[in-house]
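This briefing sets out the packing and overall dimensions of the structure shown below.

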Amino acid sequence: MGNVRKVDFHCDVLSKLLEDPTLSFIQDDQRKLDVTLPRLKQAESVFQTFAVYVPERTDKTMVPILQSIDLFYRKVLSAPEMTFIRTAGDVKALQRKPGAIGAMLSLEGADGLQGDLAMLRILFALGVRAAGLTWNHANWGADGVLEHRGGGLTKKGRAFVEECNRLGILLDVSHLSDRAFWDMLQATVKPVIASHSNSRSLCPHPRNLTDEQIKALLAAGGLIGVTFVPQFVSSRVPAEIADVLRHVERICEFGGERQLMFGSDFDGIDRYVNDLTHPGEVHRLLDALLAKYPEALVKSFFEENALSFLSMHLPR
């Protein structure tokens, strides 16, 4: 795998641990998790974002959010190799520690905050450093991408954006309705990320970004995480690694080669791109990219773009 280390900006391990706390991230013998410590080591990972996602059937309160963060502290950070990333300084220190893997917390859907920004400040104190306001449906702050009315940000949603900007929480547009996407770009004073979204012009799924959204996000200095969710990769079944490359190519066509990263959505999916089912298989994507792009550019896709962005935009 050469000297290309891997950054992944989205996985749902914590959601699986919330549903079954007997699972082990450190050593998952039962193979019930996609992302485990042995597999991150196998992949030569340097950084993994762990999303706090509360399943639809769970109460939309702070309780499962806090339980998920507790699981992160007890089941993930308890591994000596895992380094908690909360500041720009943490990112710089990580790059000087051979074998260390950075772990960052993100919030996927702010339903449980119930519009109370004190809850957001508590999550920041606990280490949450990225947040998506919605999952696929509507909540107090905005409409998600599958909400038929396609509404934008509410007044409370705009206040959420302002407070994230003030605190230093990265804003994630991946699940927003199209109108809420544009509202957020207008409301934020800092660049946003799309942690796990692909090109809608290549694969017409509403969770993907239109060409206009990709261009606007890039122009605003943001980052796009190409994702491995098969139905976001290709309308054909099964999706192939070659299909993932088409999304990389599309973002590069818009000048995004220094603003591209990956957001696998491992553990949030039950179908996979062929030969891309867990971090230990990401080397196959790496090999396919190296056959097409210079190694320095591939290294920026996998590592440097995301870590540089975090060094610039996480709190000092």
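The largest nonpolar core holds 88 residues, and those with the most contacts inside it are Phe 50, Met 82, Leu 113, Phe 160, Phe 262, Leu 285 and Leu 289. A nonpolar core is a set of buried Ala, Val, Leu, Ile, Met, Phe, Trp, Tyr and Cys residues joined through side-chain atoms within 4.5 Å; buried means under 20% relative accessible area with a 1.4 Å probe, protein chains only. Apart from it lies another core, of 19 residues, including Val 7, Val 46, Phe 47 and Leu 223.

The model is predicted: local features need pLDDT of at least 70 and side-chain atom pairs pLDDT 80 or more, whereas totals for chains, interfaces and linings use all residues. Residues are numbered from 1 along each chain as its sequence is written, and side-chain values use heavy atoms, without hydrogens and water.

**Contacts**
- Leaving aside residues up to four places away in sequence, Leu 113 touches Met 62, Ile 65, Leu 107, Met 119, Leu 120, Leu 123, Trp 140 and Phe 160 (contact: heavy atoms within 4.5 Å).
- Of the contacts in the chain with a separation of 6 or more, 70% join residues 24 or more positions apart.

**Overall form**
- The C-alpha trace spans about 50 × 40 × 40 Å along its principal axes.

**Burial**
- Of the 316 residues, 60% are buried.

Methods: Buried means under 20% relative accessible area, exposed over 50%, partly exposed in between (1.4 Å probe, protein chains only).
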